[in-house]
Amino acid sequence: QYEWYDRDPELVRNCQVALSCISRSQLPIHLVMPVVQLMQDSLRTGSWRTKLSTLDFLQAFVFNNFILITDVGEVPRQQIVDITNTALVQEQIELRIKASQVLSGLIHCQLIHPSQHKTIIQLYKDRIKNCYRRDKEMRVDETSISQASLV
């Protein structure tokens, strides 16, 4: 939260160092779930910069604790994918870019099992169709408003 705090550069630096160290540390297996839950909670904040820091943390955390995450079971893996998917639909472009980088890493290292790839692709195809429909409906509404104002 204070990683982007403009008023105190020393606090910013200390937060960045702390996040970097924590994300690159190997955690005990019983802390994997609480850390994943904290990341989910962090994505619910209003600040896009906090969300971006969370994605940076997530990326380092996953790849430094990969074996632990795969040993804990399917739940944290799915939560990590959900965090990434949530960030992919955020309004802020920086979040979507970072989330796409994290997602490609998750696919590359097979944290997302290849059997799930088709499901994920279909999910994004459906989202694109929905966005296209909404944009089309908005254009129709704007045209109707413009024509009504001319009358």
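What share of the contacts in the chain between residues at least 6 apart in sequence join residues at least 24 apart? The share is 64%, where contact means heavy atoms within 4.5 Å.

**Before you start**

This is a predicted model, in which local features need pLDDT of at least 70, side-chain atom pairs count only at pLDDT 80 or more, and totals for chains, interfaces and linings use all residues. Residues are numbered from 1 along each chain as its sequence is written, and side-chain values use heavy atoms, with hydrogens and water left out.

**Stop 1: the whole chain**

Show the cartoon. You will find seven helices and zero strands. Along the sequence the pattern reads α-α-α-α-α-α-α. Helices (H or I, at least four residues) and strands (E, at least two) are DSSP runs, numbered from the N terminus.

Now colour by accessibility. Of the 151 residues in the chain, 31% are buried. Buried means under 20% relative accessible area, exposed means over 50%, and partly exposed lies in between (1.4 Å probe, protein chains only).

**Stop 2: the largest nonpolar core**

Select M39, L58, F61, V62 and I80. Among the 28 residues of the largest nonpolar core, these touch the most other members. Helices α2 (32-42), α3, α4 (66-72), α5, α6 and α7 (117-150) each supply at least two residues of this core. Helix α3 gives the most, with six residues. A nonpolar core here is a set of buried Ala, Val, Leu, Ile, Met, Phe, Trp, Tyr and Cys residues joined through side-chain atoms within 4.5 Å. In soluble globular proteins, nonpolar side chains tend to be buried together.

Stay on V62. Leaving out residues up to four places away in sequence, V62 touches I69, I80, L106 and L111.

**Stop 3**

Select F57 and F61: their ring centres are 6.1 Å apart and their planes are at 10 degrees, so the pair is stacked. The rule covers rings of Phe, Tyr and Trp (its six-membered ring) with centres within 6.5 Å; planes under 30 degrees apart count as stacked, over 60 as edge-to-face and the rest as tilted.

F57 and F61 are four residues apart in helix α3, or about one helical turn. An α-helix has 3.6 residues a turn, so residues three or four places apart point the same way. F57 is buried at 13% relative accessibility. F61 is buried too, at 0%.

**Stop 4**

Select residues 74-88, which form helix α5. The expected span is 1.5 Å times one less than the number of residues. Buried residues in α5 are P76, R77, Q79, I80, V81, I83, T84, N85, A87 and L88.

Zoom in on T84, in helix α5. T84 is buried, with a relative accessible area of 0%. Beyond residues up to four places away in sequence, T84 touches L58, A99, V102, L103 and L106.

**Stop 5: helix α6 and L106**

Move to α6. Its 16 residues should span 22 Å at 1.5 Å a residue, and the end C-alpha atoms are 22 Å apart, which agrees. In α6, L95, K98, A99, V102, L103, G105 and L106 are buried. They cover an arc of only 160 degrees around the axis, which puts them on the same side of α6. The arc is that of the directions from the helix axis to the C-beta atoms.

Centre on L106, in helix α6. L106 has a relative accessible area of 0% and is buried. Which residues does L106 touch, not counting residues up to four places away in sequence? They are V62, F63, I80, T84, L111 and I112. Draw a distance from L106 to V81: the two are 25 residues apart in sequence and 8.0 Å apart in space, C-alpha to C-alpha.

Just after α6, select Q110. Q110 takes a positive phi of about 65 degrees.

**Stop 6: the salt bridges**

The whole structure holds two salt bridges. Each is a side-chain nitrogen of Lys or Arg within 4 Å of a carboxyl oxygen of Asp or Glu.

Select D41 and R44. Their side chains meet in a salt bridge at 2.6 Å, N to O. D41 is partly exposed at 34% relative accessibility, whereas R44 is exposed at 60%.

Finish with K98 and D56, whose closest N and O atoms are 3.1 Å apart in a salt bridge. K98 lies in helix α6 (residues 93-108) and D56 in helix α3 (residues 48-64), so the pair ties together parts that are 42 residues apart in sequence. K98 is buried at 12%, and D56 is partly exposed at 37%.
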